[in-house]
Amino acid sequence: MTFTKPRQLIVGGLAAAVVVYLLSRLAYGELPPLPLLAGATLLLIALIDLFLALNMRPRVKRKPGTEPVDGLTAARAVALAKASSLAGAIMAGAWVGLIAFLLPRLGTVEAARADTFAAVIGAISAGALIAAGLWLENCLRNPDEPEEPYDDEE
């Protein structure tokens, strides 16, 4: 498994932003209002990633008095970290696409103001999920591995 590359996150986020923006143009008027904390559910996953990172980092670094991490457990945590950062990027793109649709309509559409607040909360939560996922992935790096990837991995 390779480490998450920034371009993977950027492509996922941009694709989601374009799709959500276009869908919003087509069907925004038929959607119910967004709950204010709709995007805040991503914070729960970010907190789980944060807890795992704080728990596993000393174990991966082989600090004295800590139990080593089982290989399968580490692999599952890396998979969660990669999925978290990519899901966060996609959701950030979706919220940004919605914000891009809503900002020009703030003065004319009454529901746009409340939906904009919900979208901003969602975008911030998605950013937290990206950060937590990338940090968890970084905490799980094998301390014996070289820092730079080999040429054939790129």
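Tyr-21 has a relative accessibility of 27% and therefore counts as partly exposed, whereas Phe-101, with a relative accessible area of 4%, is buried; buried means under 20% relative accessible area, exposed over 50% and partly exposed in between, with a 1.4 Å probe and protein chains only. This is a predicted model, in which local features need pLDDT of at least 70 and side-chain atom pairs count only at pLDDT 80 or more, while totals for chains, interfaces and linings use all residues. Residues are numbered from 1 along each chain as its sequence is written, and side-chain values use heavy atoms, with hydrogens and water left out.

The structure holds two aromatic pairs, where rings of Phe, Tyr and Trp (its six-membered ring) pair if their centres lie within 6.5 Å, and planes under 30 degrees apart count as stacked, over 60 as edge-to-face and the rest as tilted. Tyr-21 and Phe-101 form an edge-to-face pair, with 6.3 Å from centre to centre and 70 degrees between the planes. Because Tyr-21 lies in helix 1 (residues 6–27) and Phe-101 in helix 3 (residues 71–102), this pair ties together parts that are 80 residues apart in sequence; helices are DSSP runs of H or I with at least four residues, numbered from the N terminus. Tyr-21, Tyr-28 and Phe-101 form one aromatic cluster.

The largest nonpolar core has 17 residues, of which Leu-42, Trp-95, Leu-98, Leu-102, Ala-119 and Ile-130 touch the most other members; such a core is a set of buried Ala, Val, Leu, Ile, Met, Phe, Trp, Tyr and Cys residues joined through side-chain atoms within 4.5 Å. Helix 2 (41–60), helix 3 and helix 4 (110–139) each supply at least two residues of this core, and the largest share, seven residues, comes from helix 3. In soluble globular proteins, nonpolar side chains tend to be buried together.

Arg-62 has its place in the loop between helix 2 and helix 3, and at 53% relative accessibility Arg-62 counts as exposed. Phi of Arg-62 is near 60 degrees, a positive value in a residue other than glycine. Most residues other than glycine have a negative phi.
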